Amino acid sequence: MTSHVPNEARVIPLRPRAERPEARPIAPRPTASPVPPERRPPTVREPLWRDLVGDVLRRERLEQERTLKEVAEAARISMPYLSEVERGRKEASSEVLAAAAGALGLGLGDLLARAQGELVRLTSRHTGAGRGTPGTRFDGMCLAA
């Protein structure tokens with residue numbers, strides 16, 4: 001059986017038809033004046049907080065001549081996880097950091113203060129300005145635990 005109704009669907013476009021690419025005028029792009037290399041600020045990678053905290057934990061553990069296993073057991077965290085935290089591979093929670101610090105005989109505030117001291121030391125070395133230099137901005141981080 002055949003029907004005499006045309007087999008066409010009515011199509012309503014959702015977007016207006018785009019103009020043909022060759023019909024659109026091309027606007028000139030503004031060009032930025034290049035900065036000579038001698039006037040560009042030096043690009044220094046800021047240290048990551050997890051690296052600083054991990055370094056402090058590892059340094060304290062090694063100063064106490066304790067193994068990773070001993071500290072992990074005392075902190076009640078897994079040895080592989082503590083290792084990853086010390087190497088800056090994992091961003092540890094404040095609970096894990098407090099447990100690791102406590103296992104080393106430190107408070108969380110002590111751990112964070114030492115990491116903040118490292119941050120100031122490293123960033124002032126790159127900027128050439130110390131904290132006490134008059135007229136310079138202090139770019140360190142201050143944390144309250």
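A residue is called buried here when its relative accessible area is under 20%, exposed when it is over 50%, and partly exposed in between, using a 1.4 Å probe and protein chains only. Arginine 61, at 8% relative accessibility, therefore counts as buried, and we will come back to this residue below. The model is a predicted one, in which local features need pLDDT of at least 70 and side-chain atom pairs count only at pLDDT 80 or more, while totals for chains, interfaces and linings use all residues. Residues are numbered from 1 along each chain as its sequence is written, and side-chain values use heavy atoms, with hydrogens and water left out.

Let us start with confidence. The term pLDDT stands for the predictor's confidence in each residue, from 0 to 100. The chain has a mean pLDDT of 79, with 61% of its residues reaching 70 or more. Among the elements, H2 has the highest mean pLDDT (97) and H5 the lowest (88). Residues 129-136 have pLDDT below 50, and this stretch has 5 contacts in the model beyond near neighbours in sequence; a contact means heavy atoms within 4.5 Å.

Now for the overall layout. Helices (DSSP runs of H or I, at least four residues) and strands (E, at least two) are numbered from the N terminus. The chain has 5 helices and 0 strands, giving the pattern α-α-α-α-α along the sequence. Of the 145 residues in the chain, 23% are buried. Among contacts with a separation of 6 or more, 60% join residues 24 or more positions apart.

H1 covers residues 49-63. Its 15 residues should span 21 Å at 1.5 Å a residue, and because its end C-alpha atoms are 21 Å apart, the model agrees; the expected span is 1.5 Å times one less than the number of residues. Buried in H1 are Leu52, Val53, Gly54, Val56, Leu57, Glu60 and Arg61.

In soluble globular proteins, nonpolar side chains tend to be buried together.

Beyond neighbours within four places in sequence, arginine 61 is in contact with Arg66, Thr67, Leu68, Val71, Glu86 and Leu104. Glutamate 86 sits in helix H3 and is buried as well, at 3% relative accessibility. On the same terms, not counting residues up to four places away, glutamate 86 touches Gly54, Asp55, Leu57, Arg58, Arg61 and Leu68. Arg58, Arg61 and Glu86 are linked in a network of salt bridges, a salt bridge being a side-chain nitrogen of Lys or Arg within 4 Å of a carboxyl oxygen of Asp or Glu.

The whole structure has 7 salt bridges. In one of them, glutamate 118 pairs with arginine 59, the closest N and O atoms being 3.8 Å apart. Glutamate 118 is in helix H5 and arginine 59 in helix H1, so this pair ties together parts that are 59 residues apart in sequence. Glutamate 118 is buried at 15% relative accessibility, whereas arginine 59 is partly exposed at 36%. Glutamate 118 also forms a salt bridge with arginine 121, with closest N and O atoms 2.8 Å apart. Those two residues both lie in H5, 3 residues apart, about one turn of the helix.

Finally, have a look at two loops. Most residues other than glycine have a negative phi. Glutamate 65, in the loop between H1 and H2, has a positive phi near 55° and is exposed, with a relative accessible area of 74%. Arginine 76, in the loop between H2 and H3, has a positive phi of about 60° although it is not a glycine, and at 78% relative accessibility arginine 76 counts as exposed.
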